[in-house]
Amino acid sequence: MKPNNLKTIITICSAFVSLSAAAFSVDEVNPDSLFAPFKMLYSLSKSAETENFAVSEYVKTCISTTEDALKKCVPVFLKLIGEPNSPITEDDPYTMESGYSFPPHMVVQGPLLQLCSKIKPIVFDIGPGSGNDSLMALFAGARQVIAVDIHEKQLAACKARVSGILEGCVELSKFVTVKRDFSVAGKVPTQYVGKIQVINANKVLHFLDESETTTFLANAHSMLEDGGHLFVTVSMPTQAHETAGVVYYSKTTVIQNRQIKSQTFTAISKEDSGLISPRFKREVVRQSGNMAKVIMYQGRHFHTLETLQTYLSPLFEIVDSTTINCGVGNEFLSVIARKVSAVR
Ligand SMILES: C[S@@+](CC[C@H](N)C(=O)[O-])C[C@H]1O[C@@H](n2cnc3c(N)ncnc32)[C@H](O)[C@@H]1O
């Protein structure tokens, strides 16, 4: 390693250790600082990250576990961070739409890990995808993680993957899966009502329409104990859909001789989409000779801090928020909110 690189790394580490020490005490510290140290570390560490260094230091700093567990889980985290998106296995892939599972992102997961490390909570990971956040929460010290998903098949895949990685490191009984559509009223797992300290809903709310979003958040509120925390990450408006709210669109793909010739997106009304919520999709295929036209009807609910705040209030107060840019059309808003106990 070149001396200059080493110097950078040492600087980054010292910066992180001091930032980290100052950054997290959920109750005492200026709430504005929850994301800030991770954003700073992220931008500071770009060069060192390519050598997988800053990331491993970040993981080590966050997790409170045995040396043996550390040896096993740091390489796991590094691997997760480098993995590509993987499609969600929908129970009915022709009518349901759930997007992809994403690799962890330091700025989004940092505060979640630190909270897990500090208070050893019971965590609800709603919409866990392939389980990256559940894994990180458990490695960080969560007492238990309950992964709740609408798709049985995805939950089974998530359980198998998470158990395989946890084996020998964290007790497998700490990871529980529950199949639920969390956007409907009166269907929450009642044994956990009021008993959860942390709820994580990473890239889930943009599949819900207005009333489903309201119900989802009311359900989340009922599951949390007083003062419990809600972590939400959600899609922001894109270049194609510049305003927040629920949008529906059609994606038309023209295929000739089994090769894609063109792809166009058109904004359409909800009625024209034939969908009742962005949780669904509809595909129409028209074929003539060696030409096929595939029209996929989909929807998304894009949020800004203002629109999300309208849904969160008065059940939750926002503690901190940040935006994450993962490339054009992939901008996310991440919010940490605290349950407001007595809603009058
Ligand atoms: C885009 S994926 C995100 C996965 C993961 N949290 C991540 O950040 O990579 C959305 C996840 O939410 C789940 N989901 C969507 N709607 C849901 C609902 N109403 N109730 C529970 N889970 C839902 C999907 O099955 C999927 O696992």
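Reader: Leaving aside its neighbours within four places in sequence, with which residues is Thr 253 in contact?

Author: The model considered here is predicted. Thr 253 belongs to strand β8, which covers residues 245-256. Once the neighbours within four places in sequence are set aside, the residues in contact with Thr 253 are Ile 260, Gln 263 and Val 294.

Reader: Is Thr 253 buried, partly exposed or exposed?

Author: A residue is buried if 20 or more other C-beta atoms lie within 10 Å of its own, and exposed if 12 or fewer do. Thr 253 has 15 other C-beta atoms within 10 Å, so Thr 253 is partly exposed.

Reader: What distance separates the C-alpha atoms of Thr 253 and Phe 265?

Author: Thr 253 and Phe 265 are 12 residues apart along the chain. The separation of their C-alpha atoms is 9.1 Å.

Reader: Does Gln 256 count as buried or exposed?

Author: Gln 256 also lies in strand β8. Because Gln 256 has 12 C-beta neighbours inside 10 Å, Gln 256 counts as exposed.

Reader: What is the separation of the C-alpha atoms of Gln 256 and Asn 290?

Author: Leaving aside neighbours within four places in sequence, Gln 256 is in contact with Lys 261, Asn 290 and Met 291. Along the chain, Gln 256 and Asn 290 are 34 residues apart. Their C-alpha atoms are separated by 5.7 Å.

Reader: How far apart are the end C-alpha atoms of helix α9?

Author: Helix α9 runs through residues 210-223 and has 14 residues. The expected span is 1.5 Å times one less than the number of residues. For α9 this gives 20 Å, and the end C-alpha atoms agree with that value, being apart by 20 Å.

Reader: Which residues of α9 are buried?

Author: Burial requires 20 or more other C-beta atoms within 10 Å. In α9, the buried residues are Glu 212, Thr 213, Phe 216, Leu 217, Asn 219, Ala 220, His 221 and Met 223.

Reader: Which elements give two or more residues to the shell around the ligand?

Author: The ligand is surrounded by 24 residues, the closest being Gly 99, Phe 102, Gly 127, Gly 129 and Asn 202. Two or more residues of this shell come from each of the elements β2 (100-101) and β4 (144-149).

Reader: What percentage of the residues in the protein chain is buried?

Author: The protein chain has 11 helices and 13 strands. Of its 344 residues, the buried share is 39%.

Note on methods
Residues numbered from 1 in each chain as written. Predicted model: local features only at pLDDT ≥ 70, side-chain atom pairs only at ≥ 80, totals over all residues. Helix = DSSP H or I, 4+ residues; strand = E, 2+ residues; numbered from the N terminus. Contact = placed C-beta atoms within 7 Å. Near = placed C-beta within 6 Å.
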